[in-house]
Amino acid sequence: MTIHKDIRFFDMFSGIGGFRAGLERAGGFTCIGHSEIDKYAEKAYRAAHNIKENEVFYEDARKINPETMPEFDLLCGGFPCQAFSVAGRRKGFDDSRGTLFFEIARLARERRPPYLLLENVPGLLSHDGGRTFAAILDTLCDLGYSVEFQVLNSKDFGVPQSRCRVYIVGYFNPGCAGKILPFRGTNPETLKCLIDGRQDSRVYDPSGVGKTLLAKSGGIGGRTGLYAVSETPVEEDTQKTGTHAVLNPERKKVRQNGRRIKTENEPMFTLTSQDRHGVLMIKEATKSGCKAAHPGDSVDLSFADQNTRRGRVGKNIAHTLDTGSSQGVVTPNLRIRRLTPRECFRLQGFSESQIDKFLSVDSDTQAYKQAGNAVTVNVVHALGLRLKAAHAAIMEAAGAEKETA
């Protein structure tokens, strides 16, 4: 087995190239080819990345012939996660998408790359009581790989999005042990659950972290452009809580002097016998029925007209991106708009030049879908730096051993 100085990698289930963007940003990685069955994602991939003439491409991973592939050192990919996600039906290996992991195993068995780097949803760990993940580990171990895995949150890697994913690293050389995973000191503050219950009914403390962007929003409000904001007056001391005083929200067309909405921590408007006073609130299935929102906060737009969701407001960090544009943000003038496709790509760590190229070939619908399905570039970049360092140490040790011999 030949090991190259530069790590040559095959980008499997590539999507729009989050793995490629992260590894190439780390330096010392060269892509020898990729596979992607979605024609829109493939078009975006080719627009954003420098595809060389000698790179191979396979539309369907199930039809890859290992004998025709160039040599490579790293097999990477986020194999389809819908079969394991808590947002789906969780059919696992009973779902054809779940069995695509075994295409990774097939290539690894035939080509024996020194390294594997895989990504999936955390639900993979608990699916079928842990038996699904145990089958994956057993398969990789039977192929001779040592395996390490860790759930990493994108918010710990320089992007304002709470997005937990499990990353799996496989390697042959024992010198890699502990050098790629785990990351120490990540997730220093987890979401604080204020009211427990079903996932769609829990209430979290929005002190810096929102929920994850998903691939599908669901619900009648999942694809709406605006969120239904309740401006019903509530009993709050706005000078103490830091919320925004609102005057006469139901009389927006009536002429009045001055502003209708004050900035944070400003005193309330003067009380009169006619004016209605309140604060800007977002509907939630909590005891109070709503939560105060401030400029820059993330807002979950799903089920906008229904008071059936909790944890809608995230403090300055986006909820997890999904494929259906179900995220909003509070603007400085206290309006709520959904995130733009460019903002969603930014939350996944893509560069502005790559985003420009994505948007040049994508419709908004495809852009939201691709951003929600992508792997976060910053996380892959951090893993790539560690993998490159471990690989360099192995190469150096091999060179010293050769000189000694």
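Author: A residue is buried when its relative accessible area is under 20%, exposed when over 50% and partly exposed in between (1.4 Å probe, protein chains only), while helices (H or I, at least four residues) and strands (E, at least two) are DSSP runs numbered from the N terminus. The model is predicted, so to speak of local features a pLDDT of at least 70 is needed, side-chain atom pairs count only at pLDDT 80 or more, and totals for chains, interfaces and linings use all residues. Residues are numbered from 1 along each chain as its sequence is written, and side-chain values use heavy atoms, with hydrogens and water left out.

Reader: Which residues of helix 8 are buried?

Author: In helix 8 the buried residues are Gln354, Ile355 and Phe358. These residues lie on the same side of helix 8, because they cover an arc of only 100 degrees around the axis, the arc being that of the directions from the helix axis to the C-beta atoms. Among the elements that cover the buried residues of helix 8 are helix 1, helix 2 and helix 7 (341-347).

Reader: And which residues are buried in helix 2?

Author: Helix 2 covers residues 39-48, and Ala41, Glu42, Ala44, Tyr45 and Ala48 are buried there. They too share one side of their helix, helix 2, because their arc around the axis is only 165 degrees. The partners against which the buried residues of helix 2 pack are strand 1, helix 1, strand 2, strand 3 (56-58), helix 8 (352-361) and helix 9 (364-373).

Reader: How many residues does the largest nonpolar core have?

Author: A nonpolar core is a set of buried Ala, Val, Leu, Ile, Met, Phe, Trp, Tyr and Cys residues joined through side-chain atoms within 4.5 Å. The largest one here has 29 residues, and Phe29, Leu74, Leu152 and Leu383 have the most contacts inside it. Among the elements that give two or more residues to this core are strand 1 (7-12), strand 2 (29-35) and helix 10 (377-404), and helix 10 gives the most, with seven residues. If we leave aside neighbours within four places in sequence, Phe29 is in contact (heavy atoms within 4.5 Å) with residues including Ile7, Phe9, Leu23, Leu74 and Leu387. There is also a second, separate core of 28 residues, which includes Met12, Val56, Ala61 and Leu143.

Reader: Which residues of strand 17 are buried on one side, and which on the other?

Author: In a regular strand the side chains alternate between the two faces of the sheet. In strand 17 (residues 327-330) both faces are covered, with Gln327 and Val329 buried on one side and Gly328 and Val330 buried on the other. Two strands pair if DSSP finds at least two bridges between them. Strand 17 runs antiparallel to strand 15 (residues 298-300), joined by three bridges, and likewise runs antiparallel to strand 18 (residues 336-338), again with three bridges. Glycine 328 is the bridge partner of valine 299, and in strand 18 its bridge partner is arginine 338.

Reader: How many aromatic pairs does the structure hold?

Author: Rings of Phe, Tyr and Trp (its six-membered ring) pair if their centres lie within 6.5 Å, with planes under 30 degrees apart counted as stacked, over 60 as edge-to-face and the rest as tilted. The structure holds eleven such pairs. One of them is the edge-to-face pair of phenylalanine 10 and tyrosine 58, at 6.0 Å centre to centre with 70 degrees between the planes; this pair links distant parts of the chain, phenylalanine 10 in strand 1 and tyrosine 58 in strand 3, 48 residues apart. Phenylalanine 10 is buried, with a relative accessible area of 0%, and tyrosine 58 is buried at 12%. Ring pairs also link Phe10, Tyr58 and Phe72 into a cluster.
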